[in-house]
Amino acid sequence: MAGFRTAAAAGWTEVGRELGDHDEAPGQSAPTAPRPPDTAARPRLGAWFLVLPALLPILVLSVGPLLYGIALAFTDAQSGRTQATRWVGTLNFQDLLHDTLFWESFRIGAVWAVGVTVPQFLLALGLALLLDQNLRFRWPARALAIVPWAMPEVVVGIMWRLVYNPDAGILNETLRSLGLGEGHDWLSGLATALPAVIVVGVWAGMPQTTVALLAGLQNTPRELHEAAALDGAGAWRRFRAVTWPALRPVALAITALNLIWNFNSFALVYVLTNGGPGGRTRLPMLFAYEEAFRYGQFGYAAAMGCVMVAAVSVFIALSLVRRLKGDQDR
């Protein structure tokens with residue numbers, strides 16, 4: 001029976017071949033199966049579905065309010081106004097050109113951003129170099145170094161207000177115990193308010209810079225340091241020839257981000273001084289906040305926000321152009 005089935009199958013195969021030869025036109029090959037459509041031309045819906053959960057919050061919470069704020073800057077929107085909001089064109093921006101208080105706050109914001117970012121970077125670089133060494137208790141020290149970063153800015157501001165307290169603050173008590181005077185009202189003095197706030201900004205923002213620089217140091221090959229040491233290079237020469245070239249991209253990136261973040265600071269200075277005394281610590285963000293929520297000038301405050309966004313955008317563009325030129329030179 002098995003042999004009969006095998007012979008029958010072979011017979012049907014030969015019949016099929018003969019039928020196929022008769023159906024095939026002379027000079028033509030057998031028809032081939034159709035090619036599947038090109039999937040690369042189709043929109044990758046799966047990728048969009050993966051990006052959508054992260055894209056929606058950005059559109060709703062960042063892009064949407066930004067566009068609304070830009071549109072609001074060209075109106076006379078005010079709080080508690082019974083009349084309809086009118087389109088005033090560039091009137092708010094024309095008023096800003098002659099607002100000396102706003103440009104003074106802009107100058108204070110630039111001093112604050114640079115005054116916080118530069119010491120922040122230098123201290124963070126020293127701390128990162130220290131934490132990168134093979135020392136005892138290195139891991140607990142790394143954990144303690146990021147404590148200020150983990151604290152909310154409001155808590156940091158309240159804590160440092162207690163430190164600067166003129167009557168019972170730890171700073172004045174230490175000065176009195178050392179015989180260095182009766183202390184000072186640091187946050188209320190016209191000459192000391194901004195430096196005192198800058199110290200707090202440096203302390204609060206240094207951990208994130210330290211973490212970024214420490215990550216860059218750990219990515220530097222150890223073999224380069226060992227080779228430089230064998231060649232007789234000292235610590236400073238190894239830093240210039242090996243450490244800094246490898247660390248430079250991270251340093252430039254974190255410095256640019258710190259300048260932007262510090263220029264846009266609000267909560268820390270608001271809790272510490274609320275822009276006082278006499279506007280000596282009134283940053284641009286604080287000035288816009290007061291115009292919007294204290295005086296109800298929403299359109300004018302939106303115009304201030306547009307100017308700040310434009311300034312930050314120009315800084316980002318210049319940084320990117322400089323970075324691209326540096327990559328091309330390499």
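Okay, let me start with a pair of side chains: Arg 107 and Glu 104 meet in a salt bridge, at 2.6 Å from N to O. By salt bridge I mean a side-chain nitrogen of Lys or Arg within 4 Å of a carboxyl oxygen of Asp or Glu. Both residues sit in helix α4, three residues apart, about one turn of the helix. Helices here are DSSP runs (H or I, at least four residues), numbered from the N terminus.

Before going on, some housekeeping. This is a predicted model, so local features need pLDDT of at least 70 and side-chain atom pairs count only at pLDDT 80 or more, while totals for chains, interfaces and linings use all residues. Residues are numbered from 1 along each chain as its sequence is written, and side-chain values use heavy atoms, with hydrogens and water left out.

How confident is the predictor? pLDDT is its confidence in each residue, from 0 to 100, and the chain averages 83, with 85% of the residues scoring at least 70. Where pLDDT is low, the predicted coordinates should not be read in detail.

The cut-offs are buried under 20% relative accessible area, exposed over 50%, and partly exposed in between, with a 1.4 Å probe and protein chains only.

The count comes to four salt bridges. One of them joins Glu 173 and Arg 176, at 3.2 Å from N to O. These two lie in helix α8, residues 170-177, again three residues apart, about one turn of the helix. Glu 173 is partly exposed at 40%, and so is Arg 176 at 27%.

Then there's Arg 282 with Glu 290, a salt bridge at 3.4 Å, N to O. Arg 282 is partly exposed at 21%, whereas Glu 290 is buried at 8%.

Now the inside. Which residues have the most contacts within the largest nonpolar core? They are Leu 96, Phe 102 and Met 304, in a core of 20 residues. A nonpolar core is a set of buried Ala, Val, Leu, Ile, Met, Phe, Trp, Tyr and Cys residues joined through side-chain atoms within 4.5 Å. Two or more residues each come from α3 (91-97), α4 (100-131), α11 (235-263), α13 (284-293) and α14 (298-329). Of these, α14 gives the most, with eight residues. Leaving aside residues up to four places away in sequence, Phe 102 touches Leu 96, Phe 287, Met 304 and Val 307. And a second, separate core of 19 residues includes Trp 160, Tyr 164, Leu 194 and Ile 198.

Last stop, Thr 117, back in helix α4. Buried or exposed? Buried, because its relative accessibility is 2%. The Thr 117 side chain makes a polar contact with the side chain of Asn 262, at 2.9 Å. That term covers a pair of N or O atoms within 3.5 Å; within protein, one must be able to donate a hydrogen and the other to accept it, and residues adjacent in sequence count only if both atoms are side-chain atoms. Not counting residues up to four places away in sequence, Thr 117 touches Thr 255, Asn 258, Leu 259 and Asn 262.

Definitions and conventions. pLDDT is the predictor's confidence in each residue, from 0 to 100. Contact means heavy atoms within 4.5 Å.
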